[in-house]
Amino acid sequence: MQRVNKLLSLIVLVLMGTELTQVLPANPEESWQVYSSAQDSEGRCVCTVVAPQQTMCSRDARTKQLRQLLEKVQNMTQSIQVLDQRTQRDLQYVVKMEDQLRGLETKFRQVEENHKQNIAKQYKAIKAKMAELRPLIPVLEEYKADARLVQQFKEEVQNLTSSLSLLQQEMGAYDYDDLHSRVVSLEERLRACMQKLACGKLTGISDAITIKTSGSRFGSWMTDPLAPEGDTRVWYMDGYHNNRFVREYKSMADFMTSDNFTSHRLPHPWSGTGQVVYNGSIYFNKFQSNMIIKFDFKTSTISKSQRLDNAGYSNTYHYAWGGHSDIDLMVDEGGLWAVYATNQNAGNIVISKLHPLTLHIIQTWTTNHPRRSAGESFMICGTLYVTNGYSGGTKVYYAYHTNSSTYEYIDIVLQNKYSHISMLDYNPRDRALYAWNNGHQVLYNVTLFHVIRSEQL
């Protein structure tokens, strides 16, 4: 009885000072319902809940439910481990940057103390640089707090796992329902945290990592960001027109070390290198048209086709390198996008968010950047990043933010290792850029800067 009372006391949930969003169960008779919520004098969220009708379940049924719940928590643990690895990797970058900032601050103070012995020009330059970087120090302190937040999630999941293991020995209806509520709550918070941690502003791109050398000068390759866990198939498309065969490699390892593949024949040849594989289907621009086609690999049939009204095609508004690259399809954390240009927007880049099932346009943004002046482009977290060229020295220099309909000029170096980039796409699952560089398939890791405050969760 003491154990039951202890577990029932968990009805008062302390969710880091956040307001609780009511989530109604699919079947009110099977889950707890939030009746009302308020904050106590200390700012904690206090919830009043109505318990479900208790049904007579056999001991075996409860055991099965607990086993399923334990598996769910274990899956959450794996997600947290991935999240922790990403956060720790970015944190190392932040700590290094913070040390550099503080070292610069120390150097500045030394120069300030002995400024009479230094040339005035050097003094002013260091002072200006310090003024530019000083505001980053408190921001970096907030960033380090993200790692502590992830650690807190890990501890909560570990506690739940221990409790569930004990309850497999000691059964009780109240124990199960209360733990189920805790798991659902933690799962929602984890999902929100992972979504926030996944997104951020692009601040750096690694050197190119060569995966394979194959094919012609132009082409595209990719993995599916929505593929099930363990599915690491690679999709490969050589050329930018007059071809309709897609290669499927079983894994990245197979792609790197062998030439064993399955070939899929598309019903139409593709145009350009802006194809994308998303949730088991390939989306591509039909050659010599502004038609977008969704082809299901599992059924080998066209599941949807839709014209992209007013979009230029057949080398009307291509990227700077040409290649019938008028329509570029891409995916980020928010879903499916099309990047193209129209006469109505004077040949400048147009961005449209597409519904992945119907291919209908959800929303469109018009930019002031000429499509033909862009080397390549890719989407990350709702922001379109554009390169200044495709050969020689290359950098990402323009960013359009769809969440605010604003743009800015940036300066991020992109190593053009083989001197001709004809495809550049972001994969949100891998947090990496896939590129086709003059017959070489390469990857770039990206660094995204983000700050999460606990009150947002």
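This tour moves through the structure stop by stop, naming what to select and what is found there.

**Before starting**

The model is predicted; local features require pLDDT of at least 70, side-chain atom pairs count only at pLDDT 80 or more, and totals for chains, interfaces and linings use all residues. Residues are numbered from 1 along each chain as its sequence is written, and side-chain values use heavy atoms, with hydrogens and water left out.

**The whole chain**

Display the protein chain as a cartoon: its secondary structure comes to six helices and 23 strands. Helices (H or I, at least four residues) and strands (E, at least two) are DSSP runs, numbered from the N terminus. Of the 457 residues in the chain, 46% are buried; buried means under 20% relative accessible area, exposed over 50%, and partly exposed in between, with a 1.4 Å probe and protein chains only. Among contacts (heavy atoms within 4.5 Å) between residues at least 6 apart in sequence, 57% join residues at least 24 apart.

**The largest nonpolar core**

Next select Leu 202, Ile 205, Phe 378, Tyr 385, Leu 424, Leu 433 and Tyr 444, which touch the most other members of the 20-residue largest nonpolar core. Such a core is a set of buried Ala, Val, Leu, Ile, Met, Phe, Trp, Tyr and Cys residues joined through side-chain atoms within 4.5 Å. At least two core residues each come from strands S3 (201-205), S17 (377-380), S19 (394-401), S20, S21 (421-427), S22 (432-437) and S23 (440-449). S23 supplies the largest share, four residues.

Centre the view on Leu 433. Leaving aside neighbours within four places in sequence, Leu 433 is in contact with Ile 205, Phe 378, Leu 424, Asp 425, Tyr 426, Val 442, Leu 443, Tyr 444 and Val 446.

**Ile 410 in strand S20**

Move to Ile 410, which lies in strand S20 (residues 406-414). Ile 410 counts as buried because its relative accessibility is 16%. Beyond its neighbours within four places in sequence, Ile 410 is in contact with Tyr 385, Val 396, Tyr 397, Tyr 398 and Ala 399. A C-alpha to C-alpha distance drawn from Ile 410 to Lys 395 gives 9.0 Å, for two residues 15 apart in sequence.

**The cavities**

The structure holds four cavities of 30 Å³ or more. On a 1 Å grid over the protein atoms alone, a cavity is a set of points where a 1.4 Å probe fits but cannot get out, and lining residues have an atom within 4 Å of a point. Grid points are joined across faces, edges and corners, and a volume is the space filled by probe spheres set on the points.

To outline the largest cavity, select Trp 221, Met 222, Thr 223, Pro 225, Gln 275, Val 276, Val 331, Met 423, Asp 425, Tyr 426, Asn 427 and Tyr 434. The elements giving two or more residues to this lining are strand S5 (219-222) and S21, and S21 has the largest share, four residues. About 100 Å³ of space lies within the largest cavity. Its lining has eight nonpolar, three polar and one charged residues. In this grouping Ala, Val, Leu, Ile, Met, Phe, Trp, Tyr, Cys and Pro are nonpolar, Asp, Glu, Lys and Arg are charged, and the others, Gly among them, are polar.

For the second largest cavity, select Thr 273, Gly 274, Tyr 319, Ser 325, Ile 327, Asp 328, Glu 376, Met 423, Leu 424 and Asp 425. This cavity holds about 50 Å³ of space. S21 gives the most to its lining, three residues, and the lining divides into four nonpolar, three polar and three charged residues.

**The disulfide**

Select Cys 199 and Cys 381, which form a disulfide with sulfur atoms 2.4 Å apart; a disulfide is a pair of cysteine sulfur atoms within 2.5 Å. The structure holds one disulfide. The pair links distant parts of the chain, 182 residues apart: Cys 199 is in the loop between helix H5 (173-198) and S3, and Cys 381 in the loop between S17 and strand S18 (383-387). The link is left-handed, with -110° about the S-S bond. Cys 199 counts as partly exposed at 23% relative accessibility, and Cys 381 is partly exposed at 21%.

**Two loop residues with positive phi**

Finish in two loops. Ser 300, between strands S11 (291-296) and S12 (301-307), has phi near 55°, a positive value in a residue other than glycine. Ser 300 is partly exposed, at 47% relative accessibility. Arg 431, in the loop between S21 and S22, has a positive phi near 50°. Arg 431 is buried, with a relative accessible area of 3%.

Key
1 Å grid on protein atoms, 1.4 Å probe; cavity = no way out; pocket = protein on both sides within 12 Å on 5 of 7 lines; lining within 4 Å.
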